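Open the model in your viewer and keep the selection tool at hand. The stops below go from aromatic side chains to helices.

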Amino acid sequence: MDPRSRLLARIAGVAAAAHALAFLALHFLEPELRVSSSIISDYGATDSAWLATLAFLLFGAVWAALAFALSGSVASSRALSAARGLFLLAAVSIFATAVFPEHADPRTGSLFSTVQNILTRPGLFLGILLTSLGLRSEPRWREVGLVLVLISTACIIVLLATVGLLLEAGLGGYGQRLIFVLVYLWVFLLTRPMMGVWPSLG
């Protein structure tokens, strides 16, 4: 495995773990926000906005690092090339959200939130699915790839349920948090082999 890719995979894994901790900390720092209905951008309007900004930056770093890590760790394919492009677009969009968190709320219907949510939601999760399918076709990634495909499919199902049902019912917070859990698991399973940790890919 390319040493540069291992380093980038470590950066992605650490950034994902740090994002999870930052998001978890926001729940304790701002307990007045209801878990059922609040989404991460809501924390940008609180006294803990600095931590919400940091969380966005960390989440963007995950996808920027993965985009470059994949280019040196697996054989190129159309699916993986498209996924890397989608990850980079998502990273830029997420970084923009860190700068303008008040405009990123999908419930506002603003042009910024519409573009940001297209890149960060369908774009990002399409990238996750394409990566999973691309890796699934490689013999040394076959077992891990199958699990990644299942998780990415679950992410898309939960995303559709959140956008189509939960947000309107005031339960979008639950949907977003479940998506984050699935994404953390996906990143963990993807980066372990890239870092040379079980299962080893050589």
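Which residues do ring pairs link into a cluster? Select Phe 23, Tyr 43, Phe 59, Trp 63, Phe 87, Phe 180, Tyr 184 and Trp 186: ring pairs join these residues into a cluster. Keep in mind that this is a predicted model. In total, the structure holds eight aromatic pairs.

Zoom in on Phe 23 and Phe 180. Their ring centres are 5.2 Å apart and their planes stand at 75°, over the 60 degrees needed, so the pair counts as edge-to-face. Phe 23 belongs to helix H1 (residues 3-29) and Phe 180 to helix H6 (residues 172-194); the pair links distant parts of the chain, 157 residues apart. Phe 23 has 5% relative accessibility and counts as buried; Phe 180, at 9%, also counts as buried.

Next, select Trp 63 and Phe 87. Here the ring centres are 5.1 Å apart and the planes are at 45°, so this pair is tilted. Trp 63 lies in helix H2 and Phe 87 in helix H3, 24 residues apart. Both residues are buried.

The crossing of H2 and H3 is left-handed.

Finish on helix H5 (residues 142-166). From first C-alpha to last, its 25 residues reach 34 Å, close to the 36 Å expected at 1.5 Å a residue. Colour the buried residues of H5, among them Val 144, Leu 148, Ile 151, Cys 155 and Leu 159.

Note on methods. Residues are numbered from 1 along each chain as its sequence is written. This is a predicted model: local features need pLDDT of at least 70, side-chain atom pairs count only at pLDDT 80 or more; totals for chains, interfaces and linings use all residues. Side-chain values use heavy atoms; hydrogens and water are left out. A crossing is left-handed if the near helix is turned anticlockwise from the far one by less than a right angle, and right-handed if clockwise. Helices (H or I, at least four residues) and strands (E, at least two) are DSSP runs, numbered from the N terminus. The expected span of a helix is 1.5 Å times one less than its number of residues. Buried means under 20% relative accessible area, exposed over 50%, partly exposed in between (1.4 Å probe, protein chains only). Rings of Phe, Tyr and Trp (its six-membered ring) pair if their centres lie within 6.5 Å; planes under 30 degrees apart count as stacked, over 60 as edge-to-face and the rest as tilted.
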